[in-house]
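Biologist: I am new to this structure. Please take me through a few of its features and how to read them.

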Amino acid sequence: MKQFITFLRKEFAHVLRDKKTLLILFGMPIVQILIFGFALTNEVKNTKIVVVDQARDESSQQLISRIEASRYFEIETILPDAKEIDNAFRRGSVKMAVVFPSNFGPDLAHLKRAQVQIIADASDPNTANTLTNYMSSVIAAHQDELNGNSEIPYRIQPHLRMLYNPQLKGVHNFVPGVMALVLMLVCVMMTAVSIVREKETGTMEILLVSPFKPLLVMVSKAVPYLILSLINVVTILLVSMYILDLPVNGSLLLLFAESTLFIITCLTFGIFISVKTNSQQVAMLISLMGMMLPTIMFSGFMFPIENMPVALQVISNIVPAKWFYIIVKSIMIKGLGFSGIWKETLILAGITLFLLVVSLKNFKIRLA
Amino acid sequence: MRTIRFLLQKEFRQIFRNKIILAMILVMPAVQLIILPLAADYEVKNINISVVDHDHSPYSRKLISTITASGYFVLTGYQSSYKEAFRLIEQDKADLILEIPASFEKNVIKENSGHLFIAVNAINGVKANLGGAYLTSIINTYNHDIRLDMAPSPRFNDQSRIATTSTNRFNALMNYRVFMVPGILAILVTMIGGFLSALNIVKEKEVGTIEQINVTPIRKHHFIIGKLVPFWVLGNVVFTIGLLISRLIYGIVPAGDLLVLYCFVAVFLLSVLGLGLLISTFCDTQQQAMFIMFFFMMIFILLGGLFTSTDSMPPWARVVSQLNPVSYLISVMRMVMLKGSGLKDVAGHLAIVGVFAVVLNTWAVLNYKKTS
Amino acid sequence: MNTVIQTDKLTKRFGDFIATNEITLEVYKGEIFGFLGANGAGKTTAMRMLCGLSKPSSGKATIAGFDVYRETEKIKKNIGYMSQKFSLYDDLTVLENISFFGGIYGLSDRQLKEKSETLIGRLGLRQEANKLVASLPLGWKQKLSFSVALLHYPKIVFLDEPTGGVDPLTRRQFWDLIYEAAAGGVTIFVTTHYMDEAEYCNRISIMVDGKVEALDSPANLKKTFQVNTMDEVFYQLARGAKRGE
């Protein structure tokens, strides 16, 4: 036990001495959360559009003012004719064009029917869809206003309620994802690189010929990162709860317990990588390519898993982050207890055990 | 000038002997461009809807079949109560609940007003937005059909109607891949350029060969140029490979001028390489450099408009976005590849990225000290 | 006698720690000057200042006639350097390393070709010329490093513990190379803690705790301290040292 503490002391010294890395280790999650929390949103507002007003009469002006007043849109320019639309799109800043035909006013007044054309930049199909919907609803609202409060017969009124996240904030999706990402990065990459560095510089051999159990050596390398990661979890939660107003509907204790499990999973992954590689560069690359990318892709927080082709969905099942993401969301946002997440917990534990066994089997007492 | 020739010879020799870098250059584009677009499909489909029908009338049944016929929704089943349906939402088996109250049909016909209650799992904002929008739209059309059915009353004719027609430009098939691929290409170029250059000088520091360089009369800016050029070339190679893959696998061909794209990528690479070199001069170990580069890269990519629009960002984030070279790259990639924008349109972006390149590289040269 | 290195109270401080403490010495053209001291005595720090790799905290120094504060780049044109940690490129071949460093120092293509040929022949590396340097045994790497340091006909060559870790035969061969260079007019400034190598030098200085505690020819030092070997001279001086192991 005393030997273990000695090792721990040395490892902590290593880690704490590297101030630049420490800064990033602690700063990164905070910055990420703040970005995700405040800057990234799927909400549509202030979208720049261009209006082609070929009518230039009172009716068109009225509708145009209404569009201008809406928080969804910001009119960049009002063009005299439709020729310039494509150029406006090409210049890159506008996402939509609304075209009023020249007889808009007269048509509305006499025929009671007028047409407006909505042209959306469908480079981003979802945005185009959403924008088209919003524009239609603005126009429909204007239409209703024109018609006064007259009774519409046989009216069906849908009442929409948003569950869990009434303001459609991205936080609820992102924060659990950021947690998974940061923990993954720190635990896997740092542990792997730290162990491999000793191999590279030759100090590993010294440790291996010593009477200390090699397993002890590895574990002692992982422990500082365990502590650091727990601190990170606390930081992330504090920032999310108090600065981003993210509610934690479930048990904090359960959340910590599950986080610890996930951290151990990642650390084991790191150890596994270190057992298999001999150079820092390779360890880093594998961590990034083999860990980061799949985590970002398959955890489900950036890309919806259900949209992926089946093959990829299957692959996503072996990415630990996917299960952790579900667990965190269930606890934080849905407020579920252990009964709701025992399945995922079991899977995570299973992955950890598997990695541990494989690492132990592959661990060479004698370096090649 | 001769010095640069020798530097380039050395760098290229080292690069080609480094199997890891070579693997990265060839494998990364392939992996990113093939797997990411498959994974990054934001198109909203298969929204699971659970129906709680207390009415069981012809109207309610017709509504439900209209909804399922639309193709957007998948009916997970009929639940007998809202509570039961909510359980499905908790288990992620349903995304939406539609509750049709008892006497729905009667209320619509007799009282001219029937109500429907929709609950949407809004954890995923995009899905919630679109799901809600689609459903509301279907209900409105259904409503309109009922009115027509019941024969138009004179009052109805007095209503003004503004009809809208909508067209989609540039991506008529609404294919999400077409949108994602240019963005992913941008990320690819950024990552390769950034990481390779960041690690390079630091490796020489770690190994010790930089001392031998520092003791020669080599000029600082020659040294930096000698580091820039090889990775600049590599960046362009990776970009080309990426374009080829996009063409071969997705059939995406730039709508605009290829030359404009290359021109922009060339200048952009200089700026991201400059950043990598700058970071290199501040770090002592490869691990540090990698970490710091990763940190910047992440911020740049997230705030660059790849996944979410820069329009909806708060003012401070928009300012940061303007200081972010990657946002310009992503914009230009999309503009030129999807919309056919020309040199005139991207000239502004080009100038800004050019300024970044100059500032970052100059700073790197100034910060690199041969005498410590 | 031509003075190629001249220092006056040259000092390097790291915060409160004075690594090099007001050293004053002169080195003459063509001599083999041994710079001795225990580990941690401050030899490498001093040497790095003389090479223009590190800026002094105070004091003066002139190398090959150039000022160490204002004319470091000119100094570098006239010196060669071999660091303690081997610093040629492991992933380049012998020939590639030679042509790279030669080119950086401004040798023409023709000169490079000639010198490469001569060097390879001289060192007996003909078989290995196109092999990666990483595959060479340590002794050959050291000899190669030394030769590369001489490519551009420098006035002074700084060697930081050049024979660390090599076998006695290789050490002898190395010193043969050093003698040859010195005979050609190159001044050699070498640090070492092999005391027998101290005997090979024209003059030596011994650093203890950052200061120069002795500066003379080996013969004179032995007489002064009334001992028979340089080992004992060193022991006398260094045992009072507070730094090092």
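Modeller: Start with A:H142. Contact means heavy atoms within 4.5 Å. Leaving aside neighbours within four places in sequence, A:H142 is in contact with A:Q62, A:L63, A:R66 and B:I162.

Biologist: Where is A:H142 placed?

Modeller: A:H142 sits in helix α6 of chain A. Helices (H or I, at least four residues) and strands (E, at least two) are DSSP runs, numbered from the N terminus.

Biologist: Is A:H142 buried or exposed?

Modeller: Buried means under 20% relative accessible area, exposed over 50%, and partly exposed in between (1.4 Å probe, protein chains only). A:H142 counts as buried because its relative accessibility is 6%.

Biologist: What should I know about the model and its numbering?

Modeller: This is a predicted model: local features need pLDDT of at least 70, side-chain atom pairs count only at pLDDT 80 or more, and totals for chains, interfaces and linings use all residues. Residues are numbered from 1 along each chain as its sequence is written, chains are lettered from A and ligands numbered from 1 in the order in which they are written, and side-chain values use heavy atoms, with hydrogens and water left out.

Biologist: Which chains share the most contacts?

Modeller: Two pairs of chains are in contact, and chains A and B share the most contacts. Chain A and chain C have no contact; their closest C-alpha atoms lie 13 Å apart.

Biologist: How many residues does each of chain A and chain B give to their contact?

Modeller: Chain A gives 104 residues and chain B gives 106 residues. Now the area. Buried area is the accessible area (1.4 Å probe) that two parts lose on being put together, summed over both. Chain A and chain B bury about 10,100 Å², with 61% of it on carbon and sulfur atoms. A:R90, A:Y154 and A:I156 supply 8% of the area that chain A buries against chain B, more than any other three residues.

Biologist: How many salt bridges are there between chain A and chain B?

Modeller: A salt bridge is a side-chain nitrogen of Lys or Arg within 4 Å of a carboxyl oxygen of Asp or Glu. Between chain A and chain B the count is three. One of them links A:K334 and B:D92. Their closest N and O atoms are 3.1 Å apart.

Biologist: And how many residue pairs are in polar contact across the interface of chain A and chain B?

Modeller: A polar contact is a pair of N or O atoms within 3.5 Å; within protein, one must be able to donate a hydrogen and the other to accept it, and residues adjacent in sequence count only if both atoms are side-chain atoms. The rule finds 31 such residue pairs between chain A and chain B (both at pLDDT 80 or more). On the side of chain A that touches chain B, helix α6 (residues 125-146) of chain A gives the largest share, 13 residues. That side divides into 57 nonpolar, 27 polar and 20 charged residues. Here Ala, Val, Leu, Ile, Met, Phe, Trp, Tyr, Cys and Pro count as nonpolar, Asp, Glu, Lys and Arg as charged, and the others, Gly among them, as polar.

Biologist: How many bridges join strand β4 of chain A to strand β5 of chain B?

Modeller: Two strands pair if DSSP finds at least two bridges between them. Nine bridges join β4 (residues 113-121) of chain A to β5 (residues 161-169) of chain B, and the two strands run parallel. A:I118 stands opposite B:S166 in β5(B).

Biologist: What about the contact between chain B and chain C?

Modeller: Chain B gives 25 residues and chain C gives 34 residues. The area buried between them is about 2,700 Å², and carbon and sulfur atoms give 53% of it. Six salt bridges are counted between chain B and chain C. In a salt bridge, C:E73 and B:K370 meet at 2.9 Å, N to O. There are also 17 residue pairs in polar contact (both at pLDDT 80 or more) between chain B and chain C. On the side of chain B that touches chain C, α1 (2-17), α8 (176-207) and α9 (209-214) of chain B each supply at least two residues. α1(B) gives the most to that side, nine residues.

Biologist: Where is A:T352 placed?

Modeller: A:T352 is in helix α14 (residues 338-362) of chain A. A:T352 counts as buried because its relative accessibility is 9%. The side chain of A:T352 reaches the backbone oxygen of A:L348 at 2.9 Å. Not counting residues up to four places away in sequence, A:T352 touches A:L261, A:I264, A:T265 and A:T268.
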